[in-house]
Amino acid sequence: MSPHTRLSRVTARARYIPALLLSSLVESANAQGITGPSTAPWSSQIVAFWGSIYVGVNSSNRPHVVTNGISAIAARVSVARNCIHLYRTLSQGDWTMFSGWENGQTRMDVVVISWQTPRDLRRLTLQVAMQLESIAFGTSWEVLVCGRKLSESSQVPPRAHWIQSPRCSEFSTTRIADTRQPYFTVTPQLLANATTSFFSGRSINQVIRDLVASRECHPSRCAYVNEVPEEVRQDISPARFFTHFQNREVNVPFVQLRLRIGQFGNSRAIVMDCAKLMYSLLHLAVAVAVGLMAAATGRGLAVWLMAVRAALKILGTSAILGDEELMVFLAWDKVTLEWETLTGSWHVAGDAVAGGVSSWQLIWGIAVPILEVSIICAGWAYGSWNADKLRPSGVVGHGMIGLSLCVAIALSFRAAVGVKRRATGRLVGTSHTQRYTRYTIGPRRVTVPVEPMMRLGRTPDELHLLAHTLNDSADDNTAIIAAMSIFRSPSMANTIPEYLSRTVLQYHYDDDAIVTKGGKDAPLKTRDVYPWIQSTFCIVLTALCACASVVYAYWDVPVWVKPLVEVLLVLSASWFSVLERTDGLCHDRDAYVSFMIATLVSSGLWYVGVNDVLLNRFGGGDMESWAP
């Protein structure tokens, strides 16, 4: 026999060494009475305990953030509802204010929508609704949405114009390019002259024509960080949202900013391009990986549903300033930010312009979280069906289940204390500073009827002029330029919220606190606007589920108890997070973090093992059958 032949046989037999090692390990485990999936179940419980804490903290450290696929589906439902509401109100000529109890600390954002056909209005309102749900609520923006229907012969393109009205001139993020001074196209004196001229009997067409001709026209640029006060630096504006992706420390592989330069190089704009398809594929790939882990464990459904976004943060989404990554990409793709503008331009630096999106974008946004939840639930259902109950044993086994129960109960109690503290707080209606007075709106969405503003009476003069500008003027181009110029005035960020709070919502104040609403004699309290009953129910449900998992571990109970309790935990965590996004008053941060950790620890508190995770035999064959 030649040396070459002997070497070939040795090489062929060497391929069986990994199989022989695996066979010896499995036989040793079987001899000790340990099956593959249940090897050291208390060790896996330690990993599940700390993993639940990590995912819980990572998912709840920011307010309003979408934490799981179920909350993402609820956010899409909210988008559809806001889109329908905006379509109806704008068709009737009314406005809508999106705010809350803590929104609009430094400015009021205004979206002026110009449309010609119902299709244009549907596309634009859908994009604005997606933008509101993707970033505005989580960053506590206060957004007023208004619009104008264009004439059939109008040359004005259908667009959604995002502009800002700062609380005071120092909070302006737009600068005159030559002097570095805050830039407002309409001065207070010019606005006062326009209202006086309108009330003296001149037509609205003449008034806004003179206003547009007399407005300040300068080249503008976005303010630098060292040019604005500290309050503005801590806030997130559309300009900061765009330029955040240009920082060297930020690495988001799904966003590219494209610079668009004017004809003579004296104007610049930034266009955001988002890799929506690439992100969606990555999102679903992570969901498949998480679903396989759920199938391997057969427990922890709430943890696996929230683990997807925790994993995506590691893959490049942690730096996105938004509530939900996919919604950010769908809503802000191809949106233009004006960075530097020419003299006499429609826009000033810092304005954002959107062209609308089709309904397929919303369908896309709904399909991805539905597939995500379906994949993870299918994997978890497979694991639960094939899971065997394992009783705790040893110091570590009994200790881990006791530790998990104590942590879940203690954090549930801490969350209940936070809910009570939130429900017994004061409703602050006005915030007085040296620069301005901010009036709190409260509800998440308020319809602003325009017809009362068009009548003389309790309506401020500027709002009376604005209502007639958008609804009664003849020229579309002049009307939109005049309306945006008036909205940019710092006085509007204080006049409109004051009008809404006193006239529309009919708040009554005792010093800076709201005491009554809508003319009712009953005092308005925090517990009337904060969903403390539903929040407390979720907390109690989490504590009861933690106790049920311990009962399942030590006593003989029906097998359907485990999947039922896990589903209840998922519903509890999802509804608790949805309450924060739908109500104007957020949860206490400590209470929210405590509740999420308690829920996820309770979800992972199950001693089960899945039979088919590891091989305990070689498929019924012997080693000879493996030979080639």
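This is a predicted model: local features need pLDDT of at least 70, side-chain atom pairs count only at pLDDT 80 or more; totals for chains, interfaces and linings use all residues.

Q: How many of the residues of the chain count as buried, in percent?
A: The chain has 628 residues, and 54% of them count as buried. The cut-off is under 20% relative accessible area.

Q: How many helices and strands are in the chain, and what share of contacts links residues 24 or more positions apart?
A: There are 21 helices and 17 strands. Among contacts with a separation of 6 or more, 82% join residues 24 or more positions apart.

Q: How do you know that the span of helix 16 agrees with its number of residues?
A: Helix 16 covers residues 476–487, which is 12 residues. At 1.5 Å a residue it should span 16 Å. Its end C-alpha atoms are 16 Å apart, so the two values agree.

Q: Why is helix 16 called largely enclosed by the rest of the structure?
A: Because 11 of its 12 residues are buried. Among them are Asp476, Thr478, Ile480, Met484 and Phe487.

Q: What reaches the backbone nitrogen of asparagine 477 at the start of helix 16?
A: A side-chain oxygen of aspartate 475 does, to within 3.4 Å. The cut-off for a polar contact is 3.5 Å.

Q: Why is glutamine 506 called partly exposed?
A: Its relative accessibility is 35%. Buried needs under 20% and exposed needs over 50%, so a value in between counts as partly exposed. Glutamine 506 sits in the loop between helix 17 (492–504) and strand 15 (508–510). Its phi is positive, about 55°, although it is not a glycine.

Q: Where is lysine 334, and what is its phi?
A: Lysine 334 is in the loop between helix 12 (325–332) and strand 9 (336–341). Its phi is positive, about 65°, and it is not a glycine.

Q: How many aromatic pairs does the count come to?
A: The count comes to 19 aromatic pairs.

Q: What makes tyrosine 439 and tyrosine 509 an edge-to-face pair?
A: Their ring centres are 6.2 Å apart, with 70° between the planes. Pairing needs centres within 6.5 Å, and edge-to-face needs planes over 60 degrees apart. Both conditions hold, so the label is edge-to-face. Tyrosine 439 lies in strand 13 and tyrosine 509 in strand 15, so the pair ties together parts 70 residues apart in sequence. Tyrosine 439 counts as buried, at 10% relative accessibility.

Q: Which residues form one aromatic cluster with Trp141?
A: Trp162, Phe241, Phe242, Phe245 and Trp332 do. Arginine 107 also lies over the face of tryptophan 141, at 5.0 Å from the ring centre. The distance limit for that label is 6 Å.

Q: Why is alanine 546 called buried?
A: Its relative accessible area is 0%, and the cut-off is under 20%. Alanine 546 is in helix 19 (residues 532–554). It touches Leu405, Ala408, Ser602 and Leu605, not counting residues up to four places away in sequence.

Q: What makes leucine 144 buried, and which residues does it contact?
A: Leucine 144 has a relative accessible area of 0%. It lies in strand 3 (residues 143–149). Leaving aside neighbours within four places in sequence, its contacts include Trp95, Met108, Val110, Phe487 and Ile496.

Notes. Residues are numbered from 1 along each chain as its sequence is written. Side-chain values use heavy atoms; hydrogens and water are left out. Helices (H or I, at least four residues) and strands (E, at least two) are DSSP runs, numbered from the N terminus. Buried means under 20% relative accessible area, exposed over 50%, partly exposed in between (1.4 Å probe, protein chains only). Contact means heavy atoms within 4.5 Å. The expected span of a helix is 1.5 Å times one less than its number of residues. A polar contact is a pair of N or O atoms within 3.5 Å; within protein, one must be able to donate a hydrogen and the other to accept it, and residues adjacent in sequence count only if both atoms are side-chain atoms. Rings of Phe, Tyr and Trp (its six-membered ring) pair if their centres lie within 6.5 Å; planes under 30 degrees apart count as stacked, over 60 as edge-to-face and the rest as tilted. A charge sits over a ring if NZ of Lys or CZ of Arg is within 6 Å of the ring centre and within 35 degrees of the ring normal.
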